[in-house]
Amino acid sequence: MSQVKRLFEDLKPESYVLSLDIDDGEMSFTGKVIIQATNLVKTDRITLHSSDLAVINARILLGKNEIKVKSVELIKQNDELILHLERELKKNSVLEIQIEFSGKITETLHGLYPCHYKDGAKTKQLLATQFESHHAREVFPCIDEPEAKAKFTLELRTDAALTALSNMPVNTNKKVGSKRIWQFETSPIMSPYLLAFVIGDVKSSTSVSKNGTEINVWATPNNAGHLSFALDVATKCLDYYNEYFEIPYPLPKCDLIALPDFASGAMENWGLITFREAALLVDYKNTSLPTKQHVAIVIAHELAHQWFGNLVTMKWWDDLWLNEGFASWIEYLAVDYLFPEWQMWSQFIIDNFFPAQFLDSLKSTHPIQVKIDDPDEIRSIFDSISYNKGASVIRMLHDFLGADDFRKGLIYYLNKYKYSNASTDDLWEALEFVSKKPVKSFMSAWTSLPGFPVVTLENSKSGLGLTQNRYLIDQSSRKKAKKQIWPISIQSNVGKSYYFDKHADTWKISESNKLKLNYKQSGFYMVAYEDEHLAQLKQKILNKQLEPEDRLGVINDAFQLTKAGIGHTSTDEALDFLSGFSEEDNALVWDVIAIQLSSLRRVMDDDATIETLRPFTYNLAKKQFERLGWNEKNTDTHFDKLLRPTILSLMCSTRDKQILDEAISRFNKMEKPEDIHPDIRGIIYGTNARVGGKMTYEKLLNLYKTTDSAEERVNLACGLTSFEDEKLISKSLGYIKSKEVRLQDVPYWLGYILMNRKAKNLAFDWIQDNWQWILDNFAKDMFFASIPKYIGSAFSDESKLGEVKGFFESVPTPGIQRSIDQALESIQWQSAWKKRDHKKVLKFLENFTN
């Protein structure tokens, strides 16, 4: 893809005065923008970004003199609006650009779009904006680039009965006939993608931070009773960041609003943070414990952006990770401070570390810092590398520098670049200046190279032999891989460490076969142990002599290495290793066990393996099931509550008669969702779907149609896509395009149905048949890049490779080629793993059963 010209190189906006007249009945708007700007080059044209806007009039003022606009040209391919002038402008001319325009309110979940919700029997809507990454141009002409920071003064004309919110407090609001005119205070200098407004019937709860900032949490009237948890977290979190960054929150107020329709999880618009309802609302009768944790994490993430991303912003999308990776790290720091009993740093490994390694194990991954030529490519890097790997290497750097120097370096960086833009190197230089440590040389490989290392160990009398190579899960990719070296600060379970920055080296240390390297998974690498060494670690695990983070790390690395065919261990041996974990009682260790068993079922994908895996799973999980049972107990710890759904899910997957009977009985007795505890509701739905028929389907569908809960819709979508009957599968696929399924929820429906081994072929057929509908609704959405990856994860037969490749070559796939490559590579490595180990796995499980 050719590089799009940066318009900011020619024109530097200083301020925008934007007036919009909203007609929500006609789903349209008219507007006028006045831009004060400096022309940076000698030219006879002014170029701005504009997408699907109709220009009514345009004027250019140079002081008091008007420069006539000869013609207006719209270049759709580049989203450019060109004003051709009657004469040439000198370099550094100070201009006033006035443009009157009109546009449409569309259902695309970006630009300006409607959110639909039920208020009793009535269907209502509110209007909201989503401008990241490059959708401000859909609402007004501008320089729609992160470096083009300016001040914004906004005026909205709305229906008089509605409330309007924006980044800044309301300056004045006046009723004029059937309209109300809202004038907002002028914002600080900020990037256009951070401008936001919401119009509708909304209610709020209010608090005040220690430094006097007004904090409001908003929702539609039907959800106004579910704001207290978010308000409490937001208030405490803002206070925490004020102290941590030593820079007061820069705006007079901070609004957080739950939107009924929202494409991603949340958006950090400065002073008006928008959320998907499930990421902000907590209904204590219907919200599960994991979702409650998720709400706290998302709030902490978006509030961190108010400093790191908004106050200081990346120069261009190449450094997206600088925003997202940092926020994905510090969210855990904040929530761990607010809720220490949640042990968030242990959960970080499951939520960030492993998902990042999974994507980064592909040859078709990308470095953390990735060149972006065209904004349309951005959607393919809003992924586990930018967010999860970014957070993981920040965590590694934090440990390398120490908490005090790391924080001081951040404060120095934020103060130096506040109200401006910065790059990754700027952050490294700030941290290096404060800590006096070689930050740039340590971090360069981790951010500029794709992938990550596996450290292979060899015990000898002289010490521990270390070799590092890039971990690639597909064997065929390793043959062509270039040699890459990462600087690794190796930490061990006995408190000893080693700095390893060569391809091979020897660590002179005694009793090396008792070491567990990568203590608490602090470094972004895997470890391949010799068989005897692994046996020693297993004994330590069974004796609870290793921390939970180390136990889950050993299990994960063992399975990921067998999938790749690295080392001496095959999958049957990894299962044998796992069989001794029935005494394990840590929820996070069980998360890894469940993930690996699920991966095995999905990839081996045959009836015989799945049948023989059931008694193995039952034997493994039975002891914890007997300890925890179906119902919450007064003696439960926080982690017991997190573990119960995992154990119940594993037990239900065994199809044991007593377990199934109980799951079916609970479903049949349920008159309303609240009759089943929210932590296990999704398991009850999914289990009944897998063994159920038409009556079960109709009950779930009716619940889906009538629920107001965003979390409940996700649970029910999972249930409705879990049936094994072909007619019911087809019915769910047909339902995806109905008005009952919100566009924001389509990713769940497609993701879940592709995970259903009885449905995945029908689902792929449906995607092929409905590709134009997908393009029309999601081509500019972040979800679009996930579709190929969902498909790639679903299939492990080499014969499917050509079919999937041929399909994507035959249809338009704007901006997602990297995702397509990742999908094809996933099919390739999964089919190779299946071909290599399937017979061994089946034999092991048959012997275990007998």
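A search of the whole structure finds zero disulfides, a disulfide being a pair of cysteine sulfur atoms within 2.5 Å. In general, such a bond is a covalent link between the sulfur atoms of two cysteines. The structure is a predicted model, in which local features need pLDDT of at least 70, side-chain atom pairs count only at pLDDT 80 or more, and totals for chains, interfaces and linings use all residues. Residues are numbered from 1 along each chain as its sequence is written, and side-chain values use heavy atoms, with hydrogens and water left out.

Cys718 is in no disulfide either; the nearest cysteine sulfur belongs to Cys652, 12 Å away.

Accessibility is given as relative accessible area: buried means under 20%, exposed over 50%, and partly exposed in between, with a 1.4 Å probe and protein chains only. Cys115 has 0% and is buried. Cys718 counts as partly exposed because its relative accessibility is 25%.

**Sheets**

Helices (H or I, at least four residues) and strands (E, at least two) are DSSP runs, numbered from the N terminus. Two strands pair if DSSP finds at least two bridges between them. Strands of a sheet pair through backbone hydrogen bonds, either parallel or antiparallel.

Axes here are lines fitted to C-alpha atoms, for helices over the stretch in contact, and angles run from 0 to 180 degrees between N-to-C directions.

Inside this sheet, β2 (residues 28–39) and β8 (residues 93–104) run antiparallel. Twelve bridges join them. Gly31 stands opposite Phe101 in β8.

Another open sheet has three strands, ordered β3-β7-β6, with antiparallel pairing. Its edges are β3 (43–49) and β6 (69–75), each pairing on one side only. Neighbouring strands are turned by 25° against each other on average, direction ignored. β6 pairs with β7 (residues 80–89) over six bridges, in the antiparallel sense. Which residue in β7 is the bridge partner of Ser71? That partner is His84.

**Helix packing**

| Helix pair | Angle | Axis distance |
|---|---|---|
| α13 and α26 (residues 817–849) | about 100° | 9 Å |
| α15 (residues 638–653) and α17 (residues 678–691) | about 10° | 9 Å |

Angles under 35 degrees count as roughly parallel, over 145 as roughly antiparallel, 65 to 115 as roughly perpendicular and the rest as oblique. α15 is therefore roughly parallel to α17. By contrast, α13 and α26 are roughly perpendicular to each other.

Contact means heavy atoms within 4.5 Å. On the α15 side, Lys641, Pro645, Leu648, Ser649 and Cys652 meet Asp679, Ile680, Ile683 and Thr687 in α17. In the other pair, residues of α13 including Ser599, Leu600 and Arg602 meet residues of α26, among them Gln830, Trp833 and Lys834.

Gln596 lies in α13 (residues 587–604). Asn556 is found in α11 (residues 548–564). Are these residues buried or exposed? Gln596 counts as buried, at 2% relative accessibility. Asn556 counts as buried too, at 6%.

A polar contact of 3.4 Å joins their side chains. Such a contact is a pair of N or O atoms within 3.5 Å; within protein, one must be able to donate a hydrogen and the other to accept it, and residues adjacent in sequence count only if both atoms are side-chain atoms.

Neighbours within four places in sequence are set aside in what follows. Gln596 is in contact with Asn556, Phe559, Gln560 and Lys563. Asn556 touches Phe354, Gln357, Met526, Val592 and Gln596.

**Tyr241**

Tyr241 lies in α1 (residues 228–245). At 0% relative accessibility, Tyr241 counts as buried. Beyond its neighbours within four places in sequence, its contacts include Glu246, Ala300, Leu303, Trp307 and Ile330. Tyr241 and Leu194 are 47 residues apart in sequence. In space they are 20 Å apart, C-alpha to C-alpha.
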